[in-house]
Number of protein chains: 2
Amino acid sequence: MTTSDGLPEKLDRDECLRLIAPGGIGRVGFDDGAGPSVLPVNYVVAGDTVVFRTSFGGRISTGVTTVVRGAEARVAFEVDAIDAERHAGWSVLLRGPAHHLSAAEIEALPDVRPWAGGERESYVSLTPVEVSGRRVG
Amino acid sequence: MTTSDGLPEKLDRDECLRLIAPGGIGRVGFDDGAGPSVLPVNYVVAGDTVVFRTSFGGRISTGVTTVVRGAEARVAFEVDAIDAERHAGWSVLLRGPAHHLSAAEIEALPDVRPWAGGERESYVSLTPVEVSGRRVG
């Protein structure tokens, strides 16, 4: 739903968290030292955090892994459901610090299915400090 | 298709450009000064560039607009088609400098439909310097 002036409707934090709760595919944004990068990942919501594993392997996944091993890793995580034909949908953006999960933390997770081969042990947890969202159409 | 070792298949530049050619929804990654951000946008391919307009309004769109007005704006642009159930799909990542289009450049564009209200005149063009992609499943 758009507002009466045709602008996107701003979603509150609770609505944003409700929309992303089912998990699925999201896109993580990070800086690998050569500038911004965006990578699709498979994610689940675990308590107050979003947990994802890098799914598309190779240099890109290595990038986010390396970045998140840094002391001050800050990432963005975007989830959306957009119908390009109807020009309608929603988008949620989370931002905050991220860290690699320990083996014990991974054991405690809900199901995060590996599906792209390789790096199956590499899970990243994002604690959202900023939560924002928009709905259009 | 995955490779015989189960890792994602790397796509070459031509294949990446072919996959994104139809246009549609992509996600732009940028740094707004407070860290990485990711925003869904409606895009078209115009010659050797990708042209998009910010679709979800408000503070986030203002972020990318402000960033791209900078002298050295560098952005990432990701397009994917992923079937979360089948764990299959592809992802393409473009990286390079971006700039706002002039009125004359906008006139020469193929159809880039506005659909989220507001900021309809704000178009950004990305010239991809790096093109990479992966296919899984």
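Reply: Over all chains, the structure holds 18 salt bridges, a salt bridge being a side-chain nitrogen of Lys or Arg within 4 Å of a carboxyl oxygen of Asp or Glu. This is a predicted model, in which local features need pLDDT of at least 70 and side-chain atom pairs count only at pLDDT 80 or more, while totals for chains, interfaces and linings use all residues. Residues are numbered from 1 along each chain as its sequence is written, chains are lettered from A and ligands numbered from 1 in the order in which they are written, and side-chain values use heavy atoms, with hydrogens and water left out.

One of the salt bridges is formed by the side chains of Asp80(B) and Arg27(A), at 2.8 Å from N to O. Asp80(B) belongs to strand E5 of chain B and Arg27(A) to strand E2 of chain A, so this pair joins two chains; helices (H or I, at least four residues) and strands (E, at least two) are DSSP runs, numbered from the N terminus. Asp80(B) is buried, with a relative accessible area of 12%, and Arg27(A) is buried too, with 6%, where buried means under 20% relative accessible area, exposed over 50%, and partly exposed in between, using a 1.4 Å probe and protein chains only. Both residues also belong to a network of salt bridges that links Arg27(A), Glu78(A), Asp80(A), Arg27(B), Glu78(B) and Asp80(B).

In chain A, strand E2 (residues 24-31) pairs with E3(A) in the antiparallel sense over eight bridges, two strands being paired if DSSP finds at least two bridges between them. E2(A) and E3(A) form a hairpin with four residues between them, and Gly33(A) in the turn has a positive phi of about 100°.

Glu130(B) counts as partly exposed at 25% relative accessibility, and Arg74(B) is partly exposed with 26%. E8(B), residues 130-136, is joined to E6(B) by seven bridges and runs antiparallel to E6(B), and strand E6 (residues 88-100) is itself mostly covered, with eleven of its 13 residues buried.

The side chains of Arg18(B) and Glu15(B) meet in a salt bridge of 3.0 Å, N to O, and both residues lie in helix H1 of chain B, three residues apart, about one turn of the helix. Arg18(B) is exposed, with a relative accessible area of 52%, whereas Glu15(B) is buried, with 19%. The buried residues of H1(B), residues 13-20, are Glu15(B), Cys16(B), Leu19(B) and Ile20(B). They cover an arc of only 125° around the axis, so they are on the same side of H1(B), where the arc is that of the directions from the helix axis to the C-beta atoms. Asp14(B) and Arg18(B), on the other side of H1(B), are exposed.
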